[in-house]
Amino acid sequence: MTSPAPPHTSATSGGSRPAYRRVPGPVDRITFFEAQRRNRRAAWRFSIMAALAVMLTGLPVSVIVTPFLYAAALLGGAIASVVFRIPPSTLTSLRGLPLIIPTALGVLAQSQGTATHMPPQVVAALAVALVIPGALVLLALWIMLRVVFRRAGVGGVLLTLGARDPTLNDFEEQQLMNVVEEMAIAAGVPPPRVMLIDSAAADGAANAAAVGWSINDATVVVTRPLLDDLSRDETQGVIARIIASIGNGDLKIALIILSVFQTVGLVGLVLNTAFGWQSRRTLFRFARLVLVPAWGQKAKARRAAEKQVVMGLLARGADMGGTDMDAWSAKSNRQGCMSLLTLPMIPVLWSTFTVNFVVSMSTAMVTGPLIGAMWKRRELLADATAVQLTRNPDGLAGALEEMTHVGVAVPNGESVSHLFAAWWGRAGADNPDSSNLTMVSRYMHAKVQRRLAQLQAIGAHIDPATRPDITPATAYRPKRAHGMSIVALAIIVPLGALLVLLLSTAFVLMMGLDLVFMTIALMIVAGVAGLILHYGPGVWQTYGPHHGGPPPMRM
């Protein structure tokens, strides 16, 4: 055997000493700073892709909304012309609104029959005619919702499950408050409020979540079984992970995601007011929040609770509207020939159905997976930040291991499950929530194997005998099966291409029919506006307030 090489030496003022030599270690070992850098960079990439997917989803929704704006402009202009003096050029422009959609469709059909591309001017004209009005309305609705609910935060539904303040005489709960304050100081954030959900209300689930809207207005919600089943180090790891999520700005990102679904839900509710009282009641509650101020502490507390309820209802607006539409359709079918009276509702009915189809398909196939991929990276980022706060990767790793053996699904928490420290399985399997918001939330959880693998790469000690599926390499390069890869690709790729082709064809047909139906509806609205323009001035001169009002009734 050859003798080992002597250590390098370096000259110093006190003589020579051994120079630094790198200590060999696992090739997959990383620091928590490196883990944060990787996950933060990946999260930004997925955030950009998710934002683009949301904007692309908004294009067909904008096209659907635009004809309703034209109809409102027609009727509003006709009624206003009766009372006020409107320039004839404006009235002429309003009369031409019903022709915008068929003109645009004709231009599109003509461009498809030629080999040349459409000039930029034509594309801009089509965008102005079909997309931009609806897009501006969607943007205005999104900004309005952000302003109305700017301090309502996310996850408030958890506070309605009987959450209470900690009991100072309870050692475990007093220790929890100390841990929360300790981790908040380490993270450099204000100590959040702490609330607990008792075991009965949590259905025995051991978990913790962050709710609120910002770092300065955050609340840590902890279930009592978490304190009973986990050690202090494990509880500290979970709390550090929640504090890390708050410090990384996850609450604001979650609020943006929620506001996107609220915007689409508000559009769906407006369209569905013609079909059922459930949508109308929700819109009434939202209008009351916007218009009626709250005075006094009790009124403000009730208003805050009402905001949480309305926020959840708006986020599920499209699904709720679907319930109203289904009930209305069933009632129309039972009426038999009387259902002919519902023919004027076909444009609204088809537009509502198209909005639900577009949003559901985008959520299931594009937007949801991209948002989920972004949030998974933010979960891994929070785990790495938690290790930075505690300097103890074994605490969070042990907590995740323990939580795999107990329930973590809190009742009625699936729609905000991404706010919890961990989530797998479903709460209330007998009554699963199938809303778009909950569908997205199910995409937003990194597998426990991947989280444990990252913690192991940072330095956690995981017994390979009990978890042979976890290695540091799987944290960023998950294992994939290669045995049936060629056969699987040969089957999945053609089926996927066929599915995309079918869905694309259905989408084009639905959008085309929607524009046709709305063109017919605009023609009918134009006829009504013409009647108002023809007879309205005479009626106003006869019964208007400047002429003494209507003639007195003879007794």
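Predicted model: local features only at pLDDT ≥ 70, side-chain atom pairs only at ≥ 80, totals over all residues.
Student: What does Ile243 touch, leaving aside residues up to four places away in sequence?

Tutor: Its contacts include Val180, Met183, Ala184, Ala187 and Val189. Pro192, Val220 and Leu389 complete the list for Ile243.

Student: Now a strand, please. Why is strand E3 described as largely enclosed by the rest of the structure?

Tutor: In a regular strand the side chains alternate between the two faces of the sheet. Here, strand E3 covers residues 193–197, and four of its five residues are buried, so E3 is largely enclosed by the rest of the structure.

Student: In which sense do E3 and strand E5 pair, parallel or antiparallel?

Tutor: E3 and E5, the latter spanning residues 218–223, pair in the parallel sense over five bridges.

Student: Is Arg451 buried or exposed?

Tutor: A residue counts as buried when its relative accessible area is under 20%. Arg451 has 2%, so it is buried. Arg451 sits in helix H17, residues 448–458. Beyond its neighbours up to four places away in sequence, Arg451 touches Arg241, Leu380, Asp383, Leu400, Ala421, Ala422 and Ala446.

Student: And Arg391, buried or exposed?

Tutor: The cut-off for exposed is over 50%. With a relative accessible area of 56%, Arg391 is exposed. Arg391 lies in the loop between H14 and helix H15 (393–403). The C-alpha atoms of Arg391 and Gly237 are separated by 9.6 Å, while the two residues are 154 residues apart along the chain.

Student: How many cavities of 30 Å³ or more are there?

Tutor: There are three. The largest cavity has a volume of about 80 Å³. Among the residues lining the largest cavity are Arg241, Asp250, Trp375 and His418.

Student: Which helix supplies the largest share of that lining?

Tutor: H8 does, with four residues. Helix H8 (232–247), helix H9 (250–272) and helix H14 (367–390) each supply at least two residues. By class, the lining has six nonpolar, two polar and four charged residues.

How values were computed. Residues numbered from 1 in each chain as written. Heavy atoms only, no water. Buried < 20%, exposed > 50% of the residue type's maximum accessible area, 1.4 Å probe, protein only. Contact = heavy atoms within 4.5 Å. 1 Å grid on protein atoms, 1.4 Å probe; cavity = no way out; pocket = protein on both sides within 12 Å on 5 of 7 lines; lining within 4 Å. Points joined across faces, edges and corners; volume = space filled by probe spheres on them. Nonpolar A, V, L, I, M, F, W, Y, C, P; charged D, E, K, R; others polar. Pairing = 2+ DSSP bridges.
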